[in-house]
Amino acid sequence: MKIDLRDILIIVPVSVLLMFGIIMVTSSSIYIADDLTSNPFHFAQRQVIFIAVGFLAMIFFLVIPSELLYKADWIFMLVSILLLALLFVPDVGTSVNGSIRWIRL
């Protein structure tokens, strides 16, 4: 795999933003995490785990041929619509201020 200038113009800013994000999460939550969990780097460790999961998902979708994704796009749309419709089933989603969500926040 040959790395082109266009690739570098994407990789460098994304890497800088990821490092900046980890630094910001660490510096803003170090005392709160220490009080809550007695581990000052609790939220920073979780951020790194989420970045790693996102990186693995990116690698997975880079390996899959894009023609397969183009042919299966209607399946993804159908699954998305079904998941949205599933929110109207009682006790599946969480209702907060009249808005139904998957994530309890």
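A: Start with one cut-off. A residue is buried under 20% relative accessible area, exposed over 50%, and partly exposed in between. Keep in mind that this is a predicted model.

Q: With that cut-off, is S38 buried or exposed?

A: S38 has 60% relative accessibility, so it counts as exposed. It sits in the loop between α1 and α2.

Q: How far apart are S38 and G54 in sequence and in space?

A: Read both separations together. The two residues are 16 apart in sequence. Their C-alpha atoms are 27 Å apart in space. G54 belongs to helix α2, which covers residues 42-63.

Q: Is G54 buried, partly exposed or exposed?

A: Use the cut-off again. G54 has 38% relative accessibility, so it counts as partly exposed.

Q: Where does T26 lie, and what is its accessibility class?

A: T26 lies in helix α1, residues 5-37. T26 counts as buried because its relative accessibility is 18%, and the cut-off for buried is under 20%.

Q: Which residues does T26 touch, away from its sequence neighbours?

A: Set aside the neighbours within four places in sequence. T26 is then in contact with F41 and A44.

Q: Which backbone atom lies 2.7 Å from a polar side-chain atom of T26?

A: The backbone oxygen of I22 does.

Q: What about S29: where is it, and is it buried or exposed?

A: S29 is also placed in helix α1. Its relative accessible area is 11%, so S29 is buried.

Q: Which contacts does S29 make beyond four places in sequence?

A: S29 is in contact with P40 and F43.

Q: Where is V96 found, and how accessible is it?

A: V96 is found in strand β1, residues 94-96. V96 has a relative accessible area of 24%, so it is partly exposed.

Q: How far is V96 from L78?

A: Count along the chain, then look across space. V96 and L78 are 18 residues apart along the chain. Their C-alpha atoms are separated by 26 Å.

Q: Let us step back. Which elements does the protein have, and how do they run?

A: There are four helices and two strands. From the N terminus on, the order is α-α-α-α-β-β.

Q: Why is the protein called more spread out than a compact globule?

A: Compare its radius of gyration with the globule rule. The radius is 19 Å, well over the 13 Å that the rule gives for 105 residues, so the protein is more spread out than a compact globule. Its C-alpha atoms fill a box of roughly 50 × 45 × 20 Å along the principal axes.

Q: How many of the residues are buried?

A: Buried residues make up 8% of the 105. T26 and S29 are among them.

Q: What share of the contacts joins residues at least 24 apart?

A: Take contacts between residues at least 6 apart in sequence. Of these, 11% join residues at least 24 apart.

Q: What does the surface hold?

A: The protein exposes about 9200 Å². Carbon and sulfur atoms supply 74% of that area.

Q: How many charged side chains are there?

A: There are 6 positive and 7 negative side chains. The centres of the two sets lie 4 Å apart.

Methods:
Residues are numbered from 1 along each chain as its sequence is written. This is a predicted model: local features need pLDDT of at least 70, side-chain atom pairs count only at pLDDT 80 or more; totals for chains, interfaces and linings use all residues. Side-chain values use heavy atoms; hydrogens and water are left out. The radius of gyration is taken over C-alpha atoms; the globule rule is 2.2 Å times the number of residues to the power 0.38. Buried means under 20% relative accessible area, exposed over 50%, partly exposed in between (1.4 Å probe, protein chains only). Contact means heavy atoms within 4.5 Å. Accessible areas come from the Shrake-Rupley method with a 1.4 Å probe; for residues, only the protein chains shown count as cover. Lys and Arg count as positive and Asp and Glu as negative; His and the chain ends are not counted. The place of a charge is taken as NZ of Lys, CZ of Arg, CG of Asp or CD of Glu. A polar contact is a pair of N or O atoms within 3.5 Å; within protein, one must be able to donate a hydrogen and the other to accept it, and residues adjacent in sequence count only if both atoms are side-chain atoms.
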